[in-house]
Amino acid sequence: MTTDVPASATREEPIDYDMLAALDAGERPGRAGGFSASMSHLYRAMLRVKHSPAQIIDVTLFPLIMLLMFTFLFGGALSDGDTGAYLQFFLPGVLVNTVLMITMYVGMGLSSDAEKGVFDRFRSLPMWRPSAIIGPLLADAFRYTMASIMMLTFGLILGYRAEGGVVGVVLAVLVLIVFAFCLSWLWTLVGLVMRSEKAVTAVSMMVLMPLTFASNVYVNPATMPGWLEAFVSVNPISHVVTVVRGLTSGAGVTTGQLGLVLAEAAALLLLFGPLTMRKYRTMN
Amino acid sequence: MRTDAGKRPGDGRQLAIEARGLVKTFGETRALDGLDLTVPAGGVYGVLGPNGAGKTTALRILATLLPPDSGSARVLGHDVSADADAVRGKISLTGQFTSVDEELTGRENLILLGRLLGYRHTDAKLRAGQLLKALGLTDAGDRQAKHYSGGMRRRLDIAAGIVVTPSVMFLDEPTTGLDPRSRNQVWNIVRTLVARGTTVVLTTQYLDEADQLADRIAVIDHGRVIAEGTPGALKASVGSGTLRIRVQDPAQRFDAVRVLTEALDVEVQLESDPCALTARVDDSERSVHALGELMRAGMTPAEFALGQPSLDEVFLALTGHPAESAPDDEAAA
């Protein structure tokens, strides 16, 4: 035999020619760009939905249940029997609430990936590393959009009317999605640090539940005790709701209100984005 | 740099891996404690050791998944810390645990990896088909990976590792938990990879596997290399194992012990089977000689076997302690 081939290659079994052909054809293509890699991770997320469509339930049925429950169960009590008026007040709030609740799924997904070997595979590839986080977040942007469409459609059926018109609604949803995308980086960090889906869920709920309830989503803060009203007025979720309500109702928003929400979104991204990527690089 | 250890005799090829003084601790556990590794390019390099010896940690550092606390490592000349991306462009890692998305089909997994590596979607699809065929997974290609058998899953893992043919492939215990048939398939794949020019670094708990596949072996214990060399040299340093003999008639047993003790110059043990004898032997030549003596004395054995030393025996010989599992760093890593 040749002196070139190590002993391990020639011992015993014959060489498998299908395998050899596959190896010969395995030339390294040009490196994928960051956008392309993110799209491939988005592709993965979409395939997962294809295989377990039940994942769609939380962006379709959940908004419907929230909407029906709050309109008819609490709406009368909260709005002196006028459920229609309450719907008008409450829909933009519950829209924000629903979309922000969906953000926490990205953390659960990442922690479940990190527990398995697939994360090691991704991390050992020569690719732009944030794509493994951004891809799933882009998939989530679809979910936010879908949940928003569902919510608004059900709302219309129940009698909700967006005085802000199509433009107002589209702008409101855009602002909401941008904020949700930035907030998601908090959950990606939690997902990578906690390493257990249950723990991630617990932490996310613990943060999100009080923040969404202690806001102007459900009731007018003027009805609250002073200390709570003070908290509600600095709660970023209230700020998002104010902007979404202003845009959808046609009442409009001030530059200050919009700027505050965008600044808060940017702060979340700039704080938790790098922390997430640092954890992603150095995790065990 | 120990150049004598770094190059295979008679060729001046570059080193695939050069690791010096790697240290990694997880809390109280010192997973790597000054590990040195020199792997020549080409062939199979076996990293042998019990659970918790630090094998997985070493591989994860070399595959850029884990930064070392101290020490340095180069893969094909690229530093794993300073030049991690260049290293990732040359290697692939197939871990102990399934490293594919089990919710996706085999084909989808391979298409995904192809796209992540830079293929366009249609090329990635073609490539996936090619790899499924090469690994005998064409029929299973459109089933979700979670429904695969252990052997199929491992083959899909390997396929995922060769979407782009790597220069260095790390295989972490590639046959642990596989049935003998699947194990042989994996061994064949490894041999083919090597024939095509890939350097394969594999960890194993089985001396048998290292012996079958590896051109060189490093034995690791408590995060350090305690022996390094070709399988032959390693085994010679340990003794070739156990000679087991069954005489035809229990009455011959004590005579047989006398003959064997003389011929082998080691202690011969009586087993609970009234016809069976065992002896730890240094080399096979001597065992053959002893068998000859036995036959000349008119006691042709009914059965005899020369077993390879187990990993336990290797450890006992090299370290003076058995290969017990240390607190599990492999799981933590």
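Trainee: How far apart do the C-alpha centres of domain 1 and domain 2 of chain B lie?
Mentor: Domain bounds come from an automatic or database domain assignment. Here the C-alpha centres of the two domains of chain B are 41 Å apart. Domain 1 spans 3-236 and domain 2 spans 241-307. Keep in mind that this is a predicted model, where local features need pLDDT of at least 70, side-chain atom pairs count only at pLDDT 80 or more, and totals for chains, interfaces and linings use all residues. Residues are numbered from 1 along each chain as its sequence is written, while chains are lettered from A and ligands numbered from 1 in the order in which they are written.

Trainee: Which strands does strand 11 of chain B join?
Mentor: Strands (E, at least two residues) and helices (H or I, at least four) are DSSP runs, numbered from the N terminus. Two strands pair if DSSP finds at least two bridges between them. Strand 11 (residues 241-246) of chain B runs antiparallel to strand 13 (residues 276-281) of chain B, with six bridges; Ile245(B) has Leu277(B) as its bridge partner there. Strand 11 of chain B is also antiparallel to strand 14 (residues 303-307) of chain B, through five bridges, and Leu243(B) is partnered with Leu306(B).

Trainee: How many residues of chain A are in contact with chain B?
Mentor: Contact requires C-beta atoms, placed from the backbone, to lie within 7 Å. By that rule, 40 residues of chain A meet 52 residues of chain B. On the chain A side, helix 3 gives the most, with seven residues.

Terms used
Contact = placed C-beta atoms within 7 Å.
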